[in-house]
Amino acid sequence: TLRKPISQSSMADWASKNLNMHTQGIFRRRISISNMLSWNGGSIKKPMLITSNRTIKKEACEMFKLVQSYMGDRQTRMDRNHVALVTVTKCWSMQGLRDELYIQLIRQTTDNTCYRSLAWGWELMAISLAFFSPSPKFQSYLEGYIYRHLDSDENIAQRIKELVDLKNKKNSKSRKKRKQNTEDEGLPISTYAKYCYRKLQKVAVTGGKKGLRKPTVEEIAHARNAIVTPSLFGSSLEEIMLRQQDMYPGNKLPWVQTQLSQQVLALGGEQTEGIFRIPGDIDEVNALKLQVDQWRIPNGLSDPNIPASLLKLWYRELEEPVIPQQFYKECISNYENPDAAVAVVQLLPELNRLVLCYLIHFLQIFAQPSNVGRTKMDVNNLAMVMAPNCLRCQSDDPRIIFENTRKEMSFLRMLIVHLDTSFIKGLV
């Protein structure tokens, strides 16, 4: 469901308060907001956004050149992957540059007469959203901009034609012109916009890439590929099953779920103290996530907390939770009634029911007394760490969230103790 974005007038109001207005000519005339937010082939001498930070002021101007290089509007010896890596790393390491990058991309994808450059600008925005979010105050502005491009392909083609015609009239004399290109080189802009819109919603909540290791070229390539090939993380169960149909046509369950679960057990997770409670090294988890998204499980894993953390992340990031939203009220209403709790599971769509039963069967292994003695994770602890990954409270009221958290945990505890999952053995 798409939220109604901020209006065009609110965006103009935001821009008038936050843009660092540039000047031009010997009389240093101020450039209008519309020109400040339209494609520019030259360099900039100061940041797009108001800032007092000297480092940001210097880096912003260099970053604008990187944006132009990635979009093919400035010559560079670096390949585009490396340009993206340098750009993303700067912003990932320096929070103050993030909004600056997004406003620069907004500028360079507005009234851009070269379709290839335009598509690459949107591509860089999509890649950036895989690593970091804009600031809360800038998020609604970026959201509004992306929203206006969700169904804009015909308008964009028409606008490029108008701008090209206008420039051709102005440049009728034999002056050197920028290469015009209205052909579709790349995906439709609406495809990028739809991906960016979903990515922005998620990154605003998750906060982007965590850990100490800087972004890598592999992560950049993965972020670009995810635009057309959705990640196994953050997609819906239906999308995931559709994607794995070619590779594992006979599987009834998501490959990622069964593989990570089996890895936890293969590494002795059921005998590891604090399993699911103690997080795995975040950089190791990120590295494993990258491989799993390429349908690979590496051989060198030794710490069960790493696949366990990634498994929790997979459940948590599902587009719709394992227990769909329409069943949420029934779950928290039956958190003390074993029969009613089990009955809710039978009402779930078939795929959700199988995925949930596999998870409960998996947790029941850890709930066995012989394992609890080693892991110190009894049924209450297991329910506590897993409930937020299966159920999502939609309320913003802290009191309701707090009250429902207790009920969610109790509901999941009922399933671990009372749900018969014997049929799931051997199912993949």
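The model is predicted. The protein holds 20 helices and 2 strands. Its C-alpha atoms fill a box of roughly 85 × 45 × 45 Å along the principal axes. Of the 428 residues, 50% are buried. Take the contacts between residues at least 6 apart in sequence: 78% of them join residues at least 24 apart.

Now the surface. The accessible area is about 21300 Å², and carbon and sulfur atoms account for 51% of it.

An unreviewed UniProt entry places a Rho-GAP domain at residues 235-423. Over that stretch the chain is 61% helix and 0% strand.

The largest nonpolar core has 64 residues. Phe276, Val292, Phe411 and Leu415 have the most contacts inside it. Helix 17, residues 350-366, gives the most to this core, with 11 residues. Apart from this core lies another, of 63 residues, including Trp14, Ala126, Tyr145 and Ala193.

Phe411 is then in contact with Ile323, Cys331, Asn334, Tyr335, Ala341, Val344 and Leu391.

Helix 10 spans residues 217-225. Its buried residues are Glu219, Ile220, His222, Ala223 and Arg224. What do these buried residues pack against? Their partners are helix 3 (54-70), helix 4 (80-93), helix 6 (115-129), helix 9 (189-206) and helix 13 (282-292).

Finally, the backbone. Most residues other than glycine have a negative phi. Two residues depart from that pattern here. Asp111 is not a glycine, yet its phi is positive, at about 55°. Asp111 sits in the loop between helix 5 (98-108) and helix 6. Is Asp111 buried or partly exposed? Asp111 counts as partly exposed, because its relative accessibility is 27% and buried means under 20%.

Lys376 is the other case. Its phi is near 60°, again a positive value in a residue other than glycine. Lys376 lies in the loop between helix 18 (369-375) and helix 19 (379-390). With a relative accessible area of 48%, Lys376 is partly exposed; a residue counts as exposed over 50%.

Definitions and conventions: Residues numbered from 1 in each chain as written. Predicted model: local features only at pLDDT ≥ 70, side-chain atom pairs only at ≥ 80, totals over all residues. Heavy atoms only, no water. UniProt positions renumbered as here; feature names shortened; annotations may be inferred. Helix = DSSP H or I, 4+ residues; strand = E, 2+ residues; numbered from the N terminus. Core = buried A, V, L, I, M, F, W, Y, C linked by side-chain atoms within 4.5 Å. Buried < 20%, exposed > 50% of the residue type's maximum accessible area, 1.4 Å probe, protein only. Contact = heavy atoms within 4.5 Å. Areas by Shrake-Rupley, 256 points an atom, 1.4 Å probe, with all protein chains shown as cover. Lists of a residue's contacts leave out its neighbours within four places in sequence.
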